[in-house]
Amino acid sequence: MTKAVVKLSHIYKQYGDNHALRDVSFDLQPGEFVALVGMSGGGKSTLLRLIAQLEQPTAGTIEYADANLVTRVMFQDGRLLPWMTTLNNVSFAAHDAKVQARAKKTLTAVGLAGFEETYPTELSGGQKQRLALARALMADPELLLLDEPLGALDALTRRNMQSFITKICDASHLTTLLITHDVDEAARMANRVIVVKNGRAVFETPGAKGESPERVARVADEVLKVILAPDDQAKEGERLG
Amino acid sequence: MDQTSESSAGKPRSFHVNWHNLLPWLIPVILILIWQLAATAGWVNSKLLPSPLAVVQDGVRLWQTGELPKNISISLYRATTGFVIGGLAGFVLGLANGLSKISWLLFDSTIQMLRNIPHLSLIPLVIILLGIGETAKISLVTIGVMFPIYINTFHGISSVDPNLIEMGKSYGLTKRQLFTKIIFPGALPTILVGVRYALGVMWTTLIVAETISSNSGIGYMASNAQEFMDMETVLLCIVIYALLGKVSDLIAKALEDLCLDWQTKGGAAND
């Protein structure tokens, strides 16, 4: 088995008296697309923030394949810089000599060629998310963390963006972690789906990426049942961590 | 089709643009015309309120004698020097207190206490300490300008979206890059509001300072003319202050347009 890009072991996170995460363990294999799915407040985003090193766990360890692992986060609200043009938003964190050329290439890859001098306020919701994706891809990350990136989009744009992100991640064999509360999205985009509920990773199943709509629906249904099941019915045998 | 687009994008549009440019000047022009009419028709005592034409003629006379350019330049010198010193001090303090909690704890309480003293009430103290020389007037402008710029710089920096700062950190920006690429541009709209407000304070302070304690400048010209009941010159000085204030505001607006052009962009495209 190849070395995991990131491995979480017995992670706990506490905010005062509130236990956001309890004994969570899982890993991400190279090139894998994993979706963390669950209801709001379940601890999904906390896990992403810990992996991105934006916060530290209260207990447990997070091991990275490389100490200098390049990780990039695509945030739900885009977090674009409104005073920078599209091109500068993509290139603002890069420092190499060919940064402009690479930024243009990345914008072309996400379908934003010709928008280089446009400001984020002039873009539609889908274009803004493409720009946020381009910015994340600009550093050639080894690990891409997607924090509910499509939550604010309409259904049609959302579906287009799902296949677009999947295609881009597959093309560069990018290890990706998607946080979402949409079970269909998780089933459609991921190789593996993990359900996070009340701060625990309670269920794991293979995703249906690239498979038939029927298979996607079956996986989504299975995941939804676990999310909606009362806590005591969560299968102990399938509990992770 | 071409004819239609020509007629809609041709003459009517240019008329529309000109009209919009002229509209802000409509009320001042009407007021001046009413003033001229009232003076010419004898509705007002022309010794107490001379006509606009008489004020202009007085202005031309004073310009030719060299008195007006000399006094305008000395007032401009005091205003800009005080603005630069006070603006820099306010900016640096706002920056320090916005970026460092220790600096904020150390300075903010003192600044807030000083800020609440009306700076024009310091005139007697300034005259006693510094006399009626340039230092006194420049100091008053400096104090007046410093606080609005401090408040707006501090507020601008401390209200930058923390999510953007977190994003910058997660994208590996250094502290310096974080400042130049996220914090300063994020605070700039609020800082420029402070600059615009401070320009108004600058002229108000200078008028009062020059009227009370000076032997040169536009304010001195006005108070000196008042001694001789020279109403043309008194009104001329008021008009000059209004014009200088308007020019300052136009400069501030141009600065905003230059630095914040991204704010005027908008209207999401269709996907």
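Two strands pair if DSSP finds at least two bridges between them. Helices (H or I, at least four residues) and strands (E, at least two) are DSSP runs, numbered from the N terminus. The structure is a predicted model, in which local features need pLDDT of at least 70, side-chain atom pairs count only at pLDDT 80 or more, and totals for chains, interfaces and linings use all residues. Residues are numbered from 1 along each chain as its sequence is written, while chains are lettered from A and ligands numbered from 1 in the order in which they are written.

**Strands of chain A**
- β1(A) and β2(A) form a hairpin with two residues between them, and Gly16(A) in the turn has a positive phi of about 65°.
- Strand β1 (residues 6-15) of chain A runs antiparallel to strand β2 (residues 18-28) of chain A, and seven bridges join them.
- Opposite Ile11(A) stands Val24(A) in β2(A).

**Helices of chain A**
- Helix α4 (residues 125-137) of chain A packs against helix α5 (residues 155-171) of chain A at an angle of about 15°, with the axes 10 Å apart; axes are lines fitted to C-alpha atoms, for helices over the stretch in contact, and angles run from 0 to 180 degrees between N-to-C directions.
- α4(A) is therefore roughly parallel to α5(A), a term for angles under 35 degrees.
- Residues making the contact (C-beta atoms, placed from the backbone, within 7 Å) include Leu133(A) of α4(A) and Ile165(A) of α5(A).

**Chains A and B**
- In the contact between the chains, 19 residues of chain A meet 19 residues of chain B.
- Over residues 68-252 of chain B, the chain is 86% helix and 0% strand.

Key: Angles under 35 degrees count as roughly parallel, over 145 as roughly antiparallel, 65 to 115 as roughly perpendicular and the rest as oblique. Two residues are in contact if their C-beta atoms, placed from the backbone, lie within 7 Å.
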